[in-house]
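Colleague: Could you take one part of this model and walk me through it slowly? I'm still new to reading structures.

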Amino acid sequence: MRQSKLLMPTLREAPSEAEAASHQLMLRAGLIRQLAAGIYTYLPLGRRVLRKLEQIVREEMDQAGTQEVLMPAMQPAELWQQSGRYDVYGPELMRLRDRHDREFTLGPTHEEVITALVRSEVSSYRQLPMTLYQIQTKFRDEKRPRYGLLRGREFLMKDAYSFDEDFDGLHRSYTSMYEAYNRIFTRCGLNYRPVEADAGSIGGEGGTHEFMALADIGEDTIAVCNSCDYAANLEKAEYKLSQQTTDTQQNNDAAMVRHRTPEIKKIDQLVEAFGLGADAFMKTLIYVADGAPVAVVVRGDHEVNEIKVKNALAVAHLELADQATTERVTGAPTGFAGPIGLQIPVYADHAVLAMKSGIAGANEQDYHIGNVIPSIHLTDVQAGDYRNAAIGDGCPRCETGSLVFYRGIEVGHVFKLGTKYSEALNAKFLNASGSEQPLIMGCYGIGVSRLLSAVLEQHSDSNGIIWPKSIAPYQVHVVPVSAKDQVQMDLAAHIAARLLESGVETLLDDRDERPGVKFKDSDLIGIPLRIVVGKHAAHGIVEIKQRNELEAQKLELEEAITFALRN
Ligand code: 9G3
C-alpha cells in the first residue's frame, strides 16, 4: 500500500478529551475517528487490526468446534418481555419502534435471540452439544462512554452460546470455551488473567470467569495470589479467614464506654482522635435491601463488598440508605451508626466478630462507644463475608500465598447460564429416554473492539504503538528517506514489490515529507519491522529496525528481504 494514498490522518498531539493512552494512540495514529459519544468510525489502519483480531477469534472458535452465525441487531421487544428482561434494563437498553409502531431493541446481547432460534431448530439430544457464535455489533447506551473503544455505545463483540443436554455437558462446553479464550488472548499478545467473577445481572447457575487484561486504566480490580493460580474479581474475591482475634482490647471488664466525639464521623478522624489503628473500629453502614433497612458492619480498615452483601441477602436491589433513613433507623446522622441497639437486621463481617473489642458508633449524634466486645455485645448479628478482600490477605486456596491487587480491563466473560433462558423461552429437547428437558446453556463473550484498546494499553512506548506481529495492520514499513532521491525511491519500491509478491503486508512511505516526519509517523503507527532506504541505497545497503528494539542494523538488499520474509 502506498502511504501517500492511505487515509491515515496522524496527529502530533492527542485531543484533550482523550484520557486513556490507548484512546490517544488510536486518534493520533489515525485508527479511529469519533462520530458521536461512544460511537466510532474505524479508519483503514484500525479496520485492518480489528479484522486481524476477528480472524484470531474466528480461527480459535472454529477450532473449538463452534459454528458461526450472524444474528440481527434489531430484536422484537416480545422476546425480552418473555425473558423478563425488558423492564429490568433501563435507558442502557436501546429501544426503537418500526413503521408499524412495533417495539424493538437494538441488541446489547443475544441470549433471547439465540434461544428463540434454537427453540425452533433443535428438538433432539442427538443434535447436542451445539455452540453457536457470532461477531457482531452490540448497542448499549452507556451513561458515560469513555476511554475510546474501552467503553463505547456501539461496539464489536464475539458472543457465543452453548446448548447441552445436562450440566456435565455444559461443564465440557464451558471448559472448551475457557481454553479457547486462553489461546485467543495469548495469540493477541495480551498480558491477561482469567479470574473468578460474579455472575451479576445475567444470573444463571453459578460459575463464571472473566478474562482481565492487566492495565492501570482498567475499571476492575482483581485479587491474585502471589503463590498459586487463584485469581478473582474483587467483587467476588475470597481470602483466608484469620483464626487469631485482633487484640484491640482497651480494658478487661465487659462494660462499654461512651466517648463524646463531636463531628468525628470518618474512620480517619476516629484514628486521629483515639490514636488507634483503623482496625480498632467497627464501621457500620445502613443499606436498603429490597426496600428494607439493614446494617452492615465491617472492621474500620475494610470496605463493604456490596455484591457479596447482595448475594448473601439474596436481594435484587441494595443501595446505601439516604441520610433520612439512616437517622430514622439509628437515631443519628451518618457517621455515628453502630451495631448496638438497632431494630433492624445487623450483618457483621467475620473480621468484626474476630475483634476482641472495638469502638463503634453509639447510634447517637456526636457519640461513639468503646470496648464493644463481639462475644458479649454482638451475639444477635448475622456473621458472614461482607467485605472486600484486602491486599496482603491470605490466599483462600493455598497455604502460603497472599493476595496482590491489579487493575484490569474485562476483555472476556464466560458464564454458565443453566436453564434461565431456555425455561423462560420454552426451549426444550427430547432426551434419550424420550422426555422433554430444557436446554442447558452457557454464554461466552469477547469484547473484540475493547480488545484492540486493551492491546494498545499494553503495547506502546513514548514514541507510539508497538503492535504484536499477530495483529499489526502491516508487517513491514518500507521508508525511503528522501522522496527527491530517485535511487532511494526506486529501491524502496522494488523492496516493497518483492515483499508484497511474497505475501508480506507492506506499507511504502512514498510521501514527499521530511525524514523526521516519516520516522515519527513510522514509530507512531508501530509496524513491527521497518526497512529504511537511505544514503547507502546506491550500494544496495538498507537499514532494518524492529519497532520493539532500540538499535537498527545495516544489511545488504537480499539479506534484508530474507530477514523480512523470515520475521
Ligand atoms: C442489556 C444491557 C446491557 C447488558 C446486558 C443486557 C451486560 C447483559 C451481560 C451479558 C452476558 C453475556 C453474551 C456474551 C457474553 C456476555 N450488559 N449483559 O445481559 F439489556 Cl442494556 O451480556 N452475553
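Modeller: Let's start with how helix axes are handled: they are lines fitted to C-alpha atoms over the stretch in contact, and angles run from 0 to 180 degrees between N-to-C directions. This is a predicted model, where local features need pLDDT of at least 70 and side-chain atom pairs count only at 80 or more, while totals for chains, interfaces and linings use all residues. Numbering starts from 1 along each chain as its sequence is written, and side-chain values use heavy atoms, leaving out hydrogens and water.

Now look at helix H2 (residues 44-63) and helix H12 (residues 448-458), whose axes sit 10 Å apart at an angle of about 110 degrees. That makes the pair roughly perpendicular (65 to 115 degrees). From H2, Gly-46, Val-49, Leu-50, Leu-53 and Glu-54 make the contact, meeting Val-448, Ser-449, Leu-451 and Leu-452 of H12 (heavy atoms within 4.5 Å). Sorted by class, this contact has 6 nonpolar, 2 polar and 1 charged residues.

What about the ligand? Of the 17 residues around the ligand, Arg-85, Pro-108, Thr-109, Glu-111 and Arg-140 come nearest (near means a heavy atom within 4 Å). Polar contacts are N or O pairs within 3.5 Å. A polar side-chain atom of Arg-85 is 2.7 Å from a ligand oxygen, and one of Glu-111 is 2.6 Å from a ligand nitrogen. The side chain of Arg-140 has an N or O atom 3.0 Å from a ligand oxygen. Strands E8 (154-164) and E24 (440-447) are the elements giving two or more residues to this shell (strands are DSSP runs of E, at least two residues; helices are runs of H or I, at least four).

Key. A polar contact is a pair of N or O atoms within 3.5 Å; within protein, one must be able to donate a hydrogen and the other to accept it, and residues adjacent in sequence count only if both atoms are side-chain atoms. Angles under 35 degrees count as roughly parallel, over 145 as roughly antiparallel, 65 to 115 as roughly perpendicular and the rest as oblique. Ala, Val, Leu, Ile, Met, Phe, Trp, Tyr, Cys and Pro count as nonpolar, Asp, Glu, Lys and Arg as charged, and the others, Gly among them, as polar.
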